[in-house]
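Subject: Handing over a structure, with notes

Dear colleague,

I am passing this structure on to you, and I would be glad if you kept it open while you read the notes that follow.

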Amino acid sequence: MIKVAPSILSADFGHLDRELQSVESADYIHFDVMDGIFVPNISFGMPILKCVRKLTKLPLDVHLMIEKPIRYAAEFADLGADIVTVHAESDEPKEILKAMSDIKSAGKRCGISIKPATPVPVLETYIEMADLVLVMTVEPGFGGQKFIAEMADKIRCVKRLIDERNPECELEVDGGINGNTAGICIDSGANVLVAGSSVFGEELRERAILELRRSGV
Ligand code: DX5
Ligand code: ZN
């Protein structure tokens, strides 16, 4: 089944309660944490995660775009994240593996993400431990960017790796996902679609979610 994960980076933070209610038909809530170092932008962190946790029953899919995530991964897991994803580029492999293991020890699912320029073989170190692989389809840092078309081949390649080494692992895509690009990602093997502007930029959120979910059909 195709899952949709609205990214609250594009939500109206003055009305978070209402915004979260409007996307209740989704599968996950995507929560982008940015530190201004790993990416050139700062978003939100623990206090907001605590609020969001109280406002929705949906699983929280936390995307850590921060340097050395080992420092905070377990804390995000303990604060109510259901999935915590770290970036392969954000530390040495040994430390990334330790962060993933901390997330698992907290009883949560862990993800590993790669930026558009990072080659797929980098994932080989992490694939057996991962519950989710997140392929960035834009440069991480900002919502509302254009999908990088070349990422379709990369998604296919990651899907092959998942099928060979960890078939239970989910394949998520993030960045520029809308009614035109969701189908390309699903056809290439993605099963979780992160969508910021294409959900929160629409008046009819439920319809936007449904359309994304049906894109591959
Ligand atoms: C970008 C974030 C995304 C962002 C996606 O670095 O990881 O989750 O919110 O926004 P859209 O869907 O608007 O590209
Ligand atoms: Zn994200």
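In which loop is Lys 68 found? Lys 68 sits in the loop between E3 and H3, where helices (H or I, at least four residues) and strands (E, at least two) are DSSP runs, numbered from the N terminus. Its phi is near 45°, a positive value in a residue other than glycine. Most residues other than glycine have a negative phi. At 42% relative accessibility, Lys 68 counts as partly exposed; buried means under 20% relative accessible area, exposed over 50%, and partly exposed in between, with a 1.4 Å probe and protein chains only.

Before going on, please note that this is a predicted model, in which local features need pLDDT of at least 70 and side-chain atom pairs count only at pLDDT 80 or more, while totals for chains, interfaces and linings use all residues. Residues are numbered from 1 along each chain as its sequence is written, chains are lettered from A and ligands numbered from 1 in the order in which they are written, and side-chain values use heavy atoms, with hydrogens and water left out.

The metal site comes next. The zinc ion (ligand 2) is coordinated by His 30 (NE2), Asp 32 (OD), His 63 (ND1) and Asp 174 (OD), at 2.0 to 2.3 Å, where donors are N, O and S atoms within 2.8 Å of the metal (3.2 Å for Na, K and Ca), and where sites may look incomplete because water is not among the atoms. The site has six donor atoms, with angles of 69 to 170° among them, and is octahedral, a label given to six donors if opposite ones are over 155 degrees apart and all others between 65 and 115. Asp 32 lies in strand E2 and His 63 in strand E3, so this pair ties together parts that are 31 residues apart in sequence. Both are buried, Asp 32 at 4% relative accessibility and His 63 at 0%.

Leaving aside neighbours within four places in sequence, Ile 8 is in contact (heavy atoms within 4.5 Å) with residues including Phe 13, His 30 and Phe 200.

Helix H2 (residues 46-55) has Met 46, Leu 49 and Val 52 as its buried residues. They cover an arc of only 115° around the axis, taken from the directions from the helix axis to the C-beta atoms, which puts them on the same side of H2. Pro 47 and Lys 54, on the other side of H2, are exposed. The buried residues of H2 pack against helix H1 (16-21), strand E2 (29-34), strand E3 (60-65) and helix H3 (73-78).

Finally, a search of the whole structure finds zero disulfides, a disulfide being a pair of cysteine sulfur atoms within 2.5 Å. The sulfur of Cys 169 is 8.7 Å from the closest cysteine sulfur, in Cys 110, which is too far for a bond. Cys 185 is in no disulfide either, as the nearest cysteine sulfur, that of Cys 157, is 15 Å away.

Methods: Tetrahedral: all angles 85-135°; square planar, octahedral: opposite > 155°, others 65-115°.
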